[in-house]
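I opened this model to look up its strands, its core and a few single residues. My entries follow in the order I made them.

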Amino acid sequence: AVVRCRLTSGYTAPIDSSILRYASVDLTNVQIKALRAAPKTLVAGANVLNESSANMAIRYTDGSGVIVSQTIESTGFIDASANTVTNALPKIDAIVAKTAAANAALVLHNTGGGEFAGNAAADATMTVKVAYRVHSV
């Protein structure tokens, strides 16, 4: 089965970039399977504060950074045999020291105990679309 996945925040219309910004990042099959060891950068840090088992989450900086999203369920998404869409919500009260958040990237990370493997076809890809706000610090 061919697995094509798309993670999207559900936004629809562009808004002034001084208020809300967007990023779109494509992941290859190899990158999807290595998300535990090598989280994929979704939004690079730029001297600003970004707000925004085998599941995924969005974190600051890298795989050990503070989680800033609710759990992104993988069952029925990453193992789907058809094109599939899901969304991620911000974590409520993602409390973090300013030094761990200012100028920190947002990364997609596999929060499970091991890398994704198994049924994903060699041509499986994922497109992650992120809507985020930038606050000067």
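**Strand pairing**

I started at Tyr60, whose bridge partner in S7 is Leu106. Strands here are DSSP runs of E, at least two residues long, and helices are runs of H or I, at least four residues long, both numbered from the N terminus. Two strands count as paired if DSSP finds at least two bridges between them.

This is a predicted model, so I noted the rules: local features need pLDDT of at least 70, side-chain atom pairs count only at pLDDT 80 or more, and totals for chains, interfaces and linings use all residues. Residues are numbered from 1 along each chain as its sequence is written, and side-chain values use heavy atoms, with hydrogens and water left out.

I then followed the other bridges into S7. Arg59 has Val107 as its bridge partner there. Ile58 has Leu108. In total, S5 and S7 (residues 106–110) pair in the antiparallel sense over 5 bridges.

S3 also pairs with S7 in the antiparallel sense, over 3 bridges. Val43 stands opposite Leu106 in S7.

**Sheet**

What is the strand order in the open sheet of 3 strands? I read S3-S7-S5, with antiparallel pairing. S3 (40–43) and S5 (56–60) stand at the edges with a single partner strand each, so one side of each has no neighbour in the sheet. The twist averages 35° from one strand to the next. The axes behind such angles are lines fitted to C-alpha atoms, for helices over the stretch in contact, and angles run from 0 to 180 degrees between N-to-C directions.

I checked burial next. Buried means under 20% relative accessible area, exposed means over 50%, and partly exposed lies in between, with a 1.4 Å probe and protein chains only.

In S5, 5 of the 5 residues are buried, so the strand is largely enclosed by the rest of the structure. Both faces of S5 are covered. Met56, Ile58 and Tyr60 lie on one side, with Ala57 and Arg59 on the other.

S7 also has 5 of its 5 residues buried, so S7 is largely enclosed by the rest of the structure.

**Ala57**

I picked Ala57, which sits in strand S5. Its relative accessibility is 3%, so Ala57 counts as buried. Leaving out residues up to four places away in sequence, Ala57 touches Ile67, Ser69, Ile72, Val107, Leu108, His109 and Thr111. Contact means heavy atoms within 4.5 Å. I also took a C-alpha distance: Ala57 and Glu73, 16 residues apart along the chain, are separated by 8.8 Å.

**Nonpolar core**

A nonpolar core is a set of buried Ala, Val, Leu, Ile, Met, Phe, Trp, Tyr and Cys residues joined through side-chain atoms within 4.5 Å. Which residues touch the most other members in the largest core? Of its 24 residues, they are Leu27, Leu42, Met56, Leu108 and Met126. The elements giving two or more residues are S2 (21–27), S3, S5, S7 and S8 (125–136). S8 gives the largest share, 4 residues.

Thr84 is in strand S6 (residues 84–86). With a relative accessible area of 15%, Thr84 is buried. A polar atom of the Thr84 side chain lies 2.7 Å from the backbone oxygen of Ala82.

Is Ile95 buried or exposed? Ile95 is exposed, with a relative accessible area of 73%. I found Ile95 in the loop between S6 and helix H2 (98–101). The C-alpha atoms of Ile95 and Val68 are 8.7 Å apart, across 27 residues along the chain.

**Whole chain**

The chain holds 2 helices and 8 strands. From the N terminus on, the elements run β-β-α-β-β-β-β-α-β-β. Buried residues make up 35% of the 137 residues.

The average pLDDT, the predictor's confidence in each residue from 0 to 100, is 78 for the chain, and 77% of the residues score at least 70. Over residues 1–6 the pLDDT is below 50. Beyond near neighbours in sequence, that stretch has 33 contacts in the model.

Methods:
Polar contact = N/O pair within 3.5 Å; in protein donor to acceptor, adjacent residues only side chain to side chain.
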